[in-house]
Amino acid sequence: MEKLKKLMEDIDMPAEAAARVLAAELPFSADQTEALSERLTDKDRYKEAAQELSAAEGFAQLRVFLCAALKTRIRYAEKGIPDEIFVQTMKCFSRFVGEHRASCGEYGFDRGFWVGRQLSLLLFRLGELEYECADYEGEKALSVHIPSDADLTPEKLDRSFAAAREFFAKYGDGYAEAKFFCYSWLLAPALGKLLPPTSKIALFQRRFKIVKTDEDSAGYIPWVFKKHDLKPEDFPENTTLQKNMKAFVLSGGKVGEALGVIAVSYTHLRAHET
């Protein structure tokens, strides 16, 4: 229990959410919890384990996931990966309960389908961005994810991409020179109509060559408007992007998402200088 408390302190879990984790009643025996925790750290078994957990209450799920994170912490140490990277990566749990509060008005956890990537050492946060060991067109590649708290300042992104190259050269088997790719609403070409070319999002887009677009995806809605399943007429207008996007969609425009790959091999691509 003390290790679990320490972990939640290290990853800045909100106090109210941490208390609910500790108070959660697990619908599993101690042996079952141990077995689930172990499987959650295995890249080949975490999906099945997460599915078994999905029927449990959110904070009960989160408690098991955090128990698994304690095992992941040991694996980081065994591989020589700095604990700071472990902490920054596992802060996803605190971020997710905070995002739940922003969307639903209270702390909760609903990302059990996702966090096996972090727990099984497939996904790491390095600076502002997360990098997941994956494949692209049959070759090993690094899938770039943009956490909701990422600062897209070009200089910080330069440092993140450089850190990724250094990290995977040292710890990533076969990923040292892997291509970067990203699938996100942040790469949607429609944003060019909604944002100035000097915006951080526009500069981020320019790092990538867009190879596929899905204009019909509504994946941007929870990230831009903080709630799922909103109708366009109900989009809030608290930021310039929200206002512009709402007007654009109501006039018949589509935002969607897009897939992009880093267009040049130069790791420190300075989008604002190209």
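**Stop one: helix α1**

Start by selecting residues 2–10, helix α1, in this predicted model. Show the side chains of Leu-4, Leu-7, Met-8 and Asp-10, which are the buried residues of α1. Now look down the axis of α1: the buried residues fall within an arc of 160°, so they line one face of the helix.

What do the buried residues of α1 pack against? Select α2 (15–23), α5 and α6 (83–90) to see these partners.

Turn to the face of α1 that points away from its buried side, and select Glu-2 and Glu-9, the exposed residues carried there. Then move past the end of the helix to Asp-12, which follows α1 and has a positive phi, near 60°.

**Stop two: helices α3 and α5**

Next, select α3 (residues 30–40) together with α5 (residues 58–79). The two helices pack with their axes 8 Å apart, at an angle of about 60°. That angle makes α3 oblique to α5. The crossing, as α3 passes α5, is right-handed.

Which residues meet where α3 touches α5?

- From α3, show Thr-33, Glu-34, Leu-36, Ser-37, Glu-38 and Leu-40.
- From α5, show Val-64, Phe-65, Cys-67, Ala-68 and Lys-71.

Color this contact by residue class: six residues are nonpolar, two are polar and three are charged.

Terms used:
Residues numbered from 1 in each chain as written. Predicted model: local features only at pLDDT ≥ 70, side-chain atom pairs only at ≥ 80, totals over all residues. Heavy atoms only, no water. Axes fitted to C-alpha atoms, helices over the stretch in contact; angles between N-to-C directions. Helix = DSSP H or I, 4+ residues; strand = E, 2+ residues; numbered from the N terminus. Parallel < 35°, antiparallel > 145°, perpendicular 65-115°, else oblique. Left-handed = near helix turned anticlockwise from the far one by under 90°. Contact = heavy atoms within 4.5 Å. Nonpolar A, V, L, I, M, F, W, Y, C, P; charged D, E, K, R; others polar. Buried < 20%, exposed > 50% of the residue type's maximum accessible area, 1.4 Å probe, protein only. Arc of directions from axis to C-beta.
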